[in-house]
Amino acid sequence: MQPRSYLVIGGGLVGAASALRLQAAGFAVTLIDPGDPRRAASFGNIGHIAAEQVSPLASRESLRTFPGRLFGLGGPLDFRWRDAGLWGPWALRFIAASDPARHARGQAALTAILAHALPAWRRLANLSGAPGIVGRDGHAVVWMSEPAAEAGLRGWEQSPTGSAAFQPMGPHDLAPYAAVMTRAPVAGIRFSGTAQVSEPQAARDALMTAFTARGGEVVHARVDRLSGGDRVTACLDGGGLREAEGALVAAGAWAGRLIRSLGVAAPVIAERGYSVQSAEHGWDETLPPTVFEEHAMVVSRFTSGLRASSFVEFGAPDAPGDPRKWRALERRLSDLGVRFSPEPDRWVGPRPTLPDYLPAIGRLERDPRILYAFGHQHLGLTMAAITAELATALAEGVAPVTDLTPFRIERFDRVGAFRH
């Protein structure tokens with residue numbers, strides 16, 4: 001018998017979207033979240049619906065190029081050494097997932113699910129009553145030097161982009177950058193088939209407002225553990241309990257411990273990103289979200305200001321931020337001549353990442369009352385809407401629009417191995 005009431009554990013974009021979809025489908029839903037929106041990756045990301053990112057980062061190419069990407073050499077990749085006990089075992093699984101055959105299977109799975117990402121976001125925006133939260137179409141990738149442009153364009157020409165496509169940017173397309181920077185990029189490409197939300201937190205707020213308007217309940221608490229049985233019980237940090245017939249674990253970087261408390265391996269790690277935002281800026285509103293590929297930095301204008309984001313830092317989700325990374329972001333903006341506040345809003349948040357860079361979406365084999373949706377790495381905002389539809393299909397007992405076999409959490413068994 002299908003559960004008719006659900007606890008949704010986690011109130012980021014994936015959890016909020018899923019709670020709204022489940023409530024709209026007729027389930028009685030209680031969303032449980034600590035209530036600090038800045039805590040998770042949904043707050044400070046760049047707002048990009050990245051339908052083009054169909055190639056998992058677990059690959060031989062990533063292994064080959066990672067030394068040159070290290071933070072100590074000026075790159076975006078860093079490891080918190082005090083957290084080596086977390087990322088060391090995870091790295092062994094990452095190496096195993098980088099096998100070409102596994103990478104190819106992962107790419108096929110991401111290509112299939114990301115084809116639904118943007119249409120699902122438009123449906124979700126309409127369901128929330130705020131269609132404007134899905135904004136402009138497309139984004140740009142630019143280069144500031146000829147050698148970087150030559151290498152970058154060659155790389156994109158050889159890379160799969162799923163349902164998205166790109167065209168080279170001509171001088172007319174690049175000229176507007178000269179008005180907001182020291183000089184225009186020397187080359188760039190403009191994508192279609194991708195999009196941007198008006199602002200990540202505004203999008204989440206719209207989903208939560210629609211959820212509660214439909215009768216959904218929100219509980220601000222941390223879930224310490226889950227237990228199954230005839231009903232699913234969430235034990236809260238204050239000592240309270242909440243029960244329902246089923247549960248959906250969508251707790252992002254904190255989902256691993258909840259799944260492990262149910263006896264299932266879930267090697268999710270916090271892959272932390274950094275951003276800075278300035279309410280005062282001169283960035284033209286007609287410019288698309290822009291990837292400065294040489295600088296491993298994305299710049300995007302929201303209704304609340306201009307945001308720049310970068311870095312991939314592996315470690316504990318609640319560790320304090322590294323001031324060096326914020327300073328590096330601000331220095332890169334200054335070097336490009338981008339007008340920005342000398343005291344910007346600084347944010348760090350954990351992307352929940354599994355070693356094969358595929359999300360975990362499905363139903364627990366050992367306890368069918370428990371669904372899960374986490375581990376979306378850099379694609380949490382991108383896949384939030386389609387993940388919500390997939391989770392609702394599972395709850396209703398109908399066939400999902402894409403095969404969820406590659407996303408089973410049971411694909412992980414022991415360090416360095418996968419079970420298919």
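Q: In this predicted model, the charged end of which residue sits over the ring of F71?
A: A charge counts as over a ring if NZ of Lys or CZ of Arg is within 6 Å of the ring centre and within 35 degrees of the ring normal. At F71 the charged end lies 4.4 Å from the ring centre. The residue that supplies this charged end is K325.

Q: Over the face of which residue does R39 lie?
A: The distance from R39 to the ring centre is 3.8 Å. The ring in question belongs to W254.

Q: How many aromatic pairs are there, and is the pair of W81 and W87 stacked or edge-to-face?
A: The count comes to 16 aromatic pairs. For W81 and W87, the centres are 5.3 Å apart and the planes form an angle of 70°. Planes over 60 degrees apart count as edge-to-face, so the pair of W81 and W87 is edge-to-face.

Q: Is W81 buried or exposed?
A: W81 and W87 also belong to one aromatic cluster, together with F79, W90, F94, F314 and Y357. W87 is buried, at a relative accessible area of 13%. The relative accessibility of W81 is 68%, and because the exposed class begins over 50%, W81 is exposed.

Q: How many residues apart are W156 and F191, which form a pair that links distant parts of the chain?
A: W156 and F191 form an edge-to-face pair, 5.2 Å centre to centre with 70° between the planes, and both residues are buried. W156 is in helix α7 (residues 146-157), whereas F191 is in strand β7 (residues 187-197).

How values were computed: Residues numbered from 1 in each chain as written. Predicted model: local features only at pLDDT ≥ 70, side-chain atom pairs only at ≥ 80, totals over all residues. Heavy atoms only, no water. Phe/Tyr/Trp six-rings, centres within 6.5 Å; stacked < 30°, edge-to-face > 60°. Buried < 20%, exposed > 50% of the residue type's maximum accessible area, 1.4 Å probe, protein only. Helix = DSSP H or I, 4+ residues; strand = E, 2+ residues; numbered from the N terminus.
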